[in-house]
Amino acid sequence: MPSIPFAQELRQRRLDAGLTLTELAVRVHYSKGQLSKVERGVKAPSRDLARLCDAALEAGGALVALLPDPSTDARTEEPDGFDEEVWLMQLSTDGGSWFKPVPRRQVVSVGAASLMGLGAGGSEAVATPGGAQVLEVSRSLFDHYRRLGQTVGPGFLLPGLIAQTHTLRETSAHADPRTRRQLLALGSRYAEYVGWLVQESGNERAALWWTQRAVDLAAAGGDQHLAGYALVRRALITLYREDAKETIALARQAQDSSLPPRIRGLAAQREAQGHAIAGDRDACLRTLDIARELLDRHTPDSGTPVIGTMHLPDPVCMITGWCLYDLGRPREAAETLDQQLAQVPPHALRTHIRYGVRRALAHAAAGDIEQACDLTAQLLGGAVAVSSATISADLRRLAHTLGRHPRNPSVRALAPQLGTSLRLITP
């Protein structure tokens, strides 16, 4: 829907800057006709255009603030008690699967006693293997799962990860206190990773459910800190919904001084991304400096897997490139992402695709259409392989940006492959 306040503010700021419509169009790489429609209130501005104009006119977020707030609700209903759930999973010969937590009383009420094999068991349960052995094997498996997750789609990994999370939870009930805590801590990392992959498959509600399960497992093992990281994960969902206010609010909650430096550093990075989509460059860069200081203070713990990404040599610099695009500064974003992606290890395919698509998007928005098309062509095969809903979101933005140049030979040559890839990737 057209925004009259935005149109009026855009026109006034352009005139105050002494720019013609043609000159502004050149700066933001949009056609004069499109800008004219937005400025006259005939056409609603996209968020990308608003950010580009905001940066070009040095509006400090004032233009972005005039866009309507996105509808968002990151809350989810609390399920029944974690210890009172039976986990049901069905695997099909065609490769499909589904998972569903069911209250134990519901299973009993329908007489499905045979399904209790996935439950917590009891005095008649078959003896479980030694907790120490399960812990050692599961820790090694987790590293393998995360490496495999860089090259395949979520659907290939989720059944095994869910089963392993259940194994750790159930084994902990028969272990000594120290081993029990370690099993539950590792189980919480499994559950958190499941939540991330479920979000990658496009199911936000299930992602929040699994993130809460990770918090429950961690708390049962005596770790209250993961609840802070759960806020960072929730803020990622609101970030992809373009909700700057909620993203910043959630990320700030996760920066409580009682939390470990790594969680607070990751939260500061997420807050910076919230400031970026709000158009506040100063707050974004200031918060990124805080993130770097906190992440530099992190001391790795060899006992449990690291929280967050493992494949970014310099996470803050990479997120800086991400933010610069959202701040309407695609040229700077492209330069930063070019440098950072050269340092990502070759085996980290999902990471290369995620930030590579953002890199191509930055080049396209900066007017480097041939470069953007060349980069995109190299990414599409991998994008289909990892099948990510979040990567798909940026690919669609990229397709829209390139679509503004229908006569460009590179765009025309890429269009069929790009369109096919988008249809194959999980929506």
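Y145 and Y190 are both buried. In this predicted model, their rings lie with centres 6.4 Å apart and planes at 80°, an angle over the 60 degrees required, so the pair counts as edge-to-face. The count of aromatic pairs comes to five.

**The Y145–Y190 pair and its cluster**

- Y145 belongs to helix α6 (residues 131-148) and Y190 to helix α8 (residues 177-200), so their contact ties together parts that are 45 residues apart in sequence.
- Y145 and Y190 are also members of one aromatic cluster, formed with F142 and Y193.
- Y193, a member of that cluster, has the charged end of R146 over its ring, 5.8 Å from the ring centre.

**The W322–Y355 pair**

- The ring centres of W322 and Y355 are 5.6 Å apart and the ring planes stand at 70°, so this pair is edge-to-face.
- W322 sits in helix α14 (residues 315-326) and Y355 in helix α16 (residues 349-365), so the pair ties together parts that are 33 residues apart in sequence.
- W322 is buried, and Y355 is buried as well.

**Charges over rings**

- The ring of Y30 has the charged end of R404 sitting over it, at 3.5 Å from the ring centre.
- For R146 and Y193, the corresponding distance from charged end to ring centre is 5.8 Å.

Technical notes. Residues are numbered from 1 along each chain as its sequence is written. This is a predicted model: local features need pLDDT of at least 70, side-chain atom pairs count only at pLDDT 80 or more; totals for chains, interfaces and linings use all residues. Side-chain values use heavy atoms; hydrogens and water are left out. Rings of Phe, Tyr and Trp (its six-membered ring) pair if their centres lie within 6.5 Å; planes under 30 degrees apart count as stacked, over 60 as edge-to-face and the rest as tilted. Helices (H or I, at least four residues) and strands (E, at least two) are DSSP runs, numbered from the N terminus. Buried means under 20% relative accessible area, exposed over 50%, partly exposed in between (1.4 Å probe, protein chains only). A charge sits over a ring if NZ of Lys or CZ of Arg is within 6 Å of the ring centre and within 35 degrees of the ring normal.
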